[in-house]
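Here are my comments on the model you sent.

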Amino acid sequence: MPRRELTFYCHRPLTIPQARQLRRLGGMFRARLCLINLSRRQQGDPAQLLALLSAAARQGDLCQLVIEGADAELAHMVLTSWVTELGHLLGGKRPGFAQAQSRLERALPGYRLTPAMVSERPDPLTKEQALAHLVGRLPADILTDPEQLLRQLQEREQISPTLIRAGLAMPHVLSEAVQAPALTLLQSPLGLEWGSPLGPVNTLILMAAPRALPPERLRPLPILVQNLLGETLGPALLRASSASARHAILVEGLTTWVTL
């Protein structure tokens, strides 16, 4: 079934008239809508006004409007205007990395996850090529030995594939070859074989941190894993259709300390 999404930061709280407008617009199409507040881990069906208002967006919240059904493409075009009145659409004409980057720098100074570290490869890739690409996206100023880091990642994968849910793998390593905690993301629309019974992978996240990093500085990484294993951020990341949306969802998972 066709599915589209609109991921955005809210600039103001969702009002009752805006909620009613979304319900009215949704009724015009053969498509089911769901508004998901990623920051607060809540969701609501626009057809049910009270449920929608219970998940109402507040200023600064990261949200995703999911559109699924035969008219998903047409509804997506119409609902884009509704979203841009409420907040800043990620992946539009202005990608909008600044807000997520500012959040990361305030919450976790020293962590590295910039827009340049979120990429997409439309060509077929092997697992080895994908790992090399992820390492190649790390900033040169924190990477002391890329070959060592790549070798350590490959050795970790030989122990067991690092696929945490269908479609999403998180290769990770603590290493002397990196001087600061960092993440890179690779989107592979064609999918690639990861050696797991869960099937191929479309989204890959590399997590690398210095071996000597204090436990309190390391804690955001397992928190991110927990958040992506949940029923809100993980599916939202897999649905995201733009680099800026993926970047914002990763930052949300790193900086929102919500345990399962």
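1. H4 and H10 cross with left-handed geometry. This is a predicted model, and the helices in question span residues 98-107 (H4) and 243-255 (H10). Their axes lie 9 Å apart, at an angle of about 20°. Angles under 35 degrees count as roughly parallel, so H4 is roughly parallel to H10.

2. Which residues make the contact? H4 supplies Ala-100, Gln-101, Arg-103, Leu-104 and Ala-107. H10 supplies His-247, Ala-248, Val-251, Glu-252, Leu-254 and Thr-255. By class, the residues of this contact are 6 nonpolar, 3 polar and 2 charged.

3. Now the largest nonpolar core, which has 35 residues. Leu-183, Ile-205, Leu-228 and Leu-254 touch the most other members. Elements giving two or more residues include strands E2 (32-37) and E4 (62-68), as well as helices H8 (220-229) and H9 (233-239). H4, E10 and E11 are also among them. H10 gives the most, with 6 residues.

4. Look closely at Leu-254. Beyond its neighbours within four places in sequence, Leu-254 contacts Leu-104, Leu-108, Tyr-111, Leu-113, Leu-183, Pro-220, Leu-221 and Leu-224. Leu-254 also belongs to the H10 side of the contact with H4.

5. A second core is separate and has 26 residues. Ala-130, Val-178, Leu-186 and Val-201 are among them.

6. Is Pro-197 buried or exposed? Its relative accessibility is 85%, so Pro-197 counts as exposed. Pro-197 sits in the loop between strand E10 (182-192) and strand E11 (201-210). Its C-alpha atom is 9.4 Å from that of Leu-163, which is 34 residues away along the chain.

How values were computed: Residues numbered from 1 in each chain as written. Predicted model: local features only at pLDDT ≥ 70, side-chain atom pairs only at ≥ 80, totals over all residues. Heavy atoms only, no water. Helix = DSSP H or I, 4+ residues; strand = E, 2+ residues; numbered from the N terminus. Buried < 20%, exposed > 50% of the residue type's maximum accessible area, 1.4 Å probe, protein only. Axes fitted to C-alpha atoms, helices over the stretch in contact; angles between N-to-C directions. Parallel < 35°, antiparallel > 145°, perpendicular 65-115°, else oblique. Left-handed = near helix turned anticlockwise from the far one by under 90°. Contact = heavy atoms within 4.5 Å. Nonpolar A, V, L, I, M, F, W, Y, C, P; charged D, E, K, R; others polar. Core = buried A, V, L, I, M, F, W, Y, C linked by side-chain atoms within 4.5 Å.
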